[in-house]
Amino acid sequence: MASNTHTQSDFEDMLPIMAEKLGGEGLIGELCNGFELLMDGDKGVITFDSLKRNAAVLGLQGLSDGDLRSMLREGDLDGDGSLNQMEFCVLMFRLSPDLMEQSEFLLEEALQQEFKHFY
């Protein structure tokens, strides 16, 4: 079980580094890419089966079925038993306390980039 905690800590530590290197827009793009790697291609969402099948992509191959189901429940905001892209991105931010602290800055940066297109 200790190895699972270690894997989660390693993952949490990487998101702030990615955010710093990629900026807000780049980080969101990478999270979207991660979502696409984990989703069920036919359904367009992350299901238990697609998460289990692709868990090794995130270094989560050692997690039990119960742990994977817990991850889905934690991120499933609309209660449909799966994660859509927005739920996945929100969950990734929630799993990284350091990134949560930076999220206001990243959001502001992404909005500034978006508004540059209007001026």
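Aspartate 40 sits in the loop between helix 1 and helix 2, where helices are DSSP runs of H or I at least four residues long, strands are E runs of at least two, and both are numbered from the N terminus. This is a predicted model, so to speak plainly about what counts: local features need pLDDT of at least 70, side-chain atom pairs count only at pLDDT 80 or more, and totals for chains, interfaces and linings use all residues. Residues are numbered from 1 along each chain as its sequence is written, and side-chain values use heavy atoms, with hydrogens and water left out.

- Aspartate 40 is buried but has no salt bridge; buried means under 20% relative accessible area, exposed means over 50%, and partly exposed is in between (1.4 Å probe, protein chains only).
- A salt bridge here needs a side-chain nitrogen of Lys or Arg within 4 Å of a carboxyl oxygen of Asp or Glu, and the nearest side chain of opposite charge to aspartate 40, arginine 53, is 4.4 Å away.
- On the charge bookkeeping, Lys and Arg are positive, Asp and Glu are negative, and His and the chain ends are not counted.
- The side chain of aspartate 40 does find the backbone nitrogen of aspartate 42, at 2.8 Å.
- That pair is a polar contact, meaning N or O atoms within 3.5 Å; within protein, one must be able to donate a hydrogen and the other to accept it, and residues adjacent in sequence count only if both atoms are side-chain atoms.
- Setting aside neighbours within four places in sequence, aspartate 40 touches Val45, Thr47, Ser50 and Arg53, with contact meaning heavy atoms within 4.5 Å.

**Overall build**

- The protein chain has five helices and zero strands, running α-α-α-α-α from the N terminus.
- Of its 119 residues, 34% count as buried.
- Among contacts with a separation of 6 or more, 48% come from residues 24 or more positions apart.

**The salt bridge**

- Searching the whole structure turns up one salt bridge.
- Lysine 52 and aspartate 65 make it through their side chains, at 2.9 Å from N to O.
- The pair ties together distant parts of the chain, with lysine 52 in helix 2 and aspartate 65 in helix 3, 13 residues apart.
- Lysine 52 counts as partly exposed because its relative accessibility is 42%, and aspartate 65 lands in that class at 34%.

- The largest nonpolar core has 20 residues, and Leu31, Ile46, Leu51, Leu68, Leu72, Phe88 and Met92 have the most contacts inside it.
- Such a core is a set of buried Ala, Val, Leu, Ile, Met, Phe, Trp, Tyr and Cys residues joined through side-chain atoms within 4.5 Å.
- Helix 1 (2-38), helix 2 (48-54), helix 3 (65-75) and helix 4 each supply at least two residues of this core, and helix 4 gives the most, with five.
- Helix 4 (residues 85-94) buries Glu87, Phe88, Cys89, Leu91, Met92 and Phe93.
- An α-helix has 3.6 residues a turn, so residues three or four places apart point the same way.
- Beyond its neighbours within four places in sequence, phenylalanine 88 contacts Leu31, Gly34, Phe35, Leu38, Ile46 and Leu83.

**Cysteines**

- The disulfide count is zero, the rule being a pair of cysteine sulfur atoms within 2.5 Å.
- The closest cysteine sulfur to that of cysteine 32 is in cysteine 89, and at 4.7 Å it is too far for a bond.
- Cysteine 89 counts as buried because its relative accessibility is 9%.

- Asparagine 84 lies in the loop between helix 3 and helix 4 and is partly exposed, with a relative accessible area of 29%.
- Asparagine 84 caps the N-terminal end of helix 4, with a side-chain oxygen 3.1 Å from the backbone nitrogen of methionine 86.
- Asparagine 84 and valine 45 are 39 residues apart in sequence, yet their C-alpha atoms are 4.9 Å apart in space.
- Leaving out neighbours within four places in sequence, asparagine 84 contacts Phe35, Val45 and Asp78.
- Asparagine 54, in helix 2, counts as buried because its relative accessibility is 17%.
- Away from its neighbours within four places in sequence, asparagine 54 contacts Leu37, Leu38 and Met39.

**Leucine 95**

- Leucine 95 is in the loop between helix 4 and helix 5 (97-116) and is buried, at a relative accessible area of 16%.
- Its C-alpha is 9.9 Å from that of glycine 75, 20 residues away along the chain.
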